[in-house]
Amino acid sequence: VQAAKVKRLCKTHNSITVNGMFPGPTLEVKNGDTLVVKVVNRARYNVTIHWHGIRQMRTGWADGPEFVTQCPIRPGGSYTYRFTVEGQEGTLWWHAHSSWLRATVYGALIIHPREGSSYPFFKPKRETPILLGEWWDTNPIDVVREATRTGAAPNISDAYTINGQPGDLYNCSSKDTTIVPIDSGETNLLRVINAALNQPLFFTIANHKFTVVGADASYLKPFTTSVIMLGPGQTTDVLISGDQLPGRYYMAARAYQSAQNAPFDNTTTTAILEYKSVLCPAKCTKKPFMPPLPAYNDTNTVTAFSRSLRSPRKVEVPTDIDENLFFTIGLGLDNCPKNFRARRCQGPNGTRFTASMNNVSFVFPSKASLLQAYKQNIPGVFTTDFPAKPPVKFDYTGNVSRSLFQPARGTKLYKLKYGSRVQIVLQDTSIVTPENHPIHLHGYDFYIIAEGFGNFNPKTDKSKFNLVDPPMRNTVAVPVNGWAVIRFVADNPGVWLMHCHLDVHITWGLAMAFLVEEGVGILQSVEPPPADLPIC
């Protein structure tokens with residue numbers, strides 16, 4: 001992990017990269033492989049790396065979120081991540097999990113079928129990772145530090161990128177636009193990853209349809225669509241066919257913006273799908289075809305897309321639920337502390353922005369990681385009294401009383417017994433603004449058995465539960481002004497962060513963690529910590 005010169009939008013930055021590459025290297029493994037990655041920190045910031053979506057069975061020490069499963073790798077230090085990929089196939093990714101470093105420290109993590117096995121769909125001729133990113137024309141760490149100082153929302157990004165390149169619609173960018181080759185008649189697999197920091201994105205290709213075959217390294221029942229939406233952290237595998245007139249076609253991504261009146265980056269990133277029979281640059285005089293994109297606030301398209309996701313066949317969804325949890329998720333406002341000057345309270349009406357789950361704004365520890373504190377019985381690092389439901393019932397998506405805007409702060413975990421069957425209702429609130437929140441659970445995949453709008457009603461909404469073939473994911477886009485219901489079995493002991501994958505919200509405290517207790521014997525216990533685990 002090192003600073004390297006990266007020139008974008010006419011300006012050269014000293015960006016934090018992996019091995020000088022932006023985006024970082026693609027890791028390719030097979031289902032069943034063990035991966036060993038040595039991370040040496042040659043940057044001036046603390047860093048950790050998270051392997052997003054990897055189950056990390058009993059290897060929580062390798063999960064990566066800073067102060068949750070490890071202390072950060074300090075400048076000059078190193079740490080070796082070791083874990084086995086088991087029972088997962090498809091597209092995942094890796095990224096820094098410390099401050100806002102993941103703006104530039106990220107890459108694809110591709111899991112191929114194990115030896116002698118194959119895809120449950122027609123084998124593509126070619127596979128291309130498509131990493132959607134978000135670029136600031138300044139140091140992203142300065143952006144988050146400034147926001148933390150002022151209490152206001154952080155500055156919005158200046159560009160989105162495809163495989164690190166903004167594309168033809170930005171200044172000084174067209175000579176480096178990403179080109180994705182295709183041949184007439186062939187079928188290619190695009191592994192699309194939303195690695196943007198703070199923005200859900202629509203993605204589409206001019207004149208070409210997608211056959212969606214997987215998401216978050218779980219296969220899906222194939223369906224056809226012309227546009228997909230990914231929240232940050234999510235991946236989607238799509239097949240495309242070279243069935244159009246040979247030519248050049250833009251693939252494009254731009255914001256899905258569900259929060260009202262919040263500023264956002266409304267630019268469009270493009271790459272070019274180029275048929276190989278078109279001899280470029282000699283014959284490329286015509287501009288590529290530009291696809292139409294949904295309106296920024298097109299929630300209907302998002303809903304239609306997410307409701308199309310199904311597992312390929314009947315799955316075993318946990319029933320007989322042991323833990324029935326109800327978590328509100330959303331923003332908040334802290335009144336200006338007495339000892340703060342006005343310039344530190346530049347949120348709405350002289351407040352500071354915050355965020356919470358069940359009215360607890362999560363505070364990350366600093367003197368030990370949560371997993372260390374649990375395994376080594378270090379007192380005073382966390383408590384286990386995270387509430388199973390909101391402390392106060394209210395009209396979550398209606399007009400909320402100003403008295404409910406300020407959450408409590410705390411490092412509260414929720415204890416789960418090993419093997420317990422868990423259901424969580426994730427309920428968006430309209431505090432400050434309703435918004436589509438991509439909620440990511442570390443160490444687990446889960447079934448998304450239902451989603452809807454308004455306040456979740458346990459009496460009437462149970463009829464919407466899909467207990468036959470719901471999709472399995474690691475990150476759920478909770479609908480704006482709505483709710484989603486997820487289920488999983490707590491079969492992986494350790495401390496597992498659940499948080500909003502919009503980094504601006506995790507910075508404000510939109511997170512919590514589960515402490516999954518150990519079961520019986522070594523196979524139901526966390527492995528001992530590696531000798532080189534960074535100390536605080």
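Author: Cys345 is buried, since its relative accessible area is 5%. Buried stands for under 20% relative accessible area, exposed for over 50%, and partly exposed for what lies in between, with a 1.4 Å probe and protein chains only. The model is a predicted one, in which local features need pLDDT of at least 70 and side-chain atom pairs count only at pLDDT 80 or more, while totals for chains, interfaces and linings use all residues. Residues are numbered from 1 along each chain as its sequence is written, and side-chain values use heavy atoms, with hydrogens and water left out.

Cys345 forms a disulfide with Cys336, the sulfur atoms lying 2.0 Å apart; the term covers a pair of cysteine sulfur atoms within 2.5 Å. The torsion about the S-S bond of Cys336 and Cys345 is about 75 degrees, so this disulfide is right-handed. Cys336 is partly exposed, at a relative accessible area of 27%.

The structure holds 3 disulfides. Another joins Cys10 to Cys172, with 2.0 Å between the sulfur atoms. Here the S-S torsion is about 95 degrees, so the link of Cys10 and Cys172 is right-handed. It connects distant parts of the chain, 162 residues apart: Cys10 sits in the loop between S1 and S2, and Cys172 in the loop between strand S10 (159–162) and strand S11 (179–182). Strands are DSSP runs of E with at least two residues, numbered from the N terminus. Cys10 is partly exposed, with a relative accessible area of 38%.

Strand S1 (residues 2–8) and strand S2 (residues 11–17) pair in the antiparallel sense over 7 bridges, pairing being counted where DSSP finds at least two bridges between two strands. Within this pairing, Val6 has His13 in S2 as its bridge partner.

Cys71 and Cys536 form a disulfide as well, their sulfur atoms 1.9 Å apart. The torsion about its S-S bond is -85 degrees, and the link of Cys71 and Cys536 is left-handed. Cys71 lies in the loop between S5 and strand S6 (78–84) and Cys536 in the segment after S32, so the pair ties together parts that are 465 residues apart in sequence. Cys71 counts as buried at 0% relative accessibility, whereas Cys536, at 38%, counts as partly exposed.

An open sheet of 4 strands, with mixed pairing, has the order S3-S8-S7-S5. Strand S3 (27–30) and strand S5 (49–52) stand at its edges with a single partner strand each, so one side of each has no neighbour in the sheet.

The largest nonpolar core has 92 residues, and Phe327, Ile424, Leu426, Met498 and Phe514 have the most contacts inside it. Such a core is a set of buried Ala, Val, Leu, Ile, Met, Phe, Trp, Tyr and Cys residues joined through side-chain atoms within 4.5 Å. Strand S32 (residues 511–516) gives the most to this core, with 6 residues. Leaving out residues up to four places away in sequence, Met498 touches, among others, Ala511, Met512, Ala513 and Phe514, where contact means heavy atoms within 4.5 Å.
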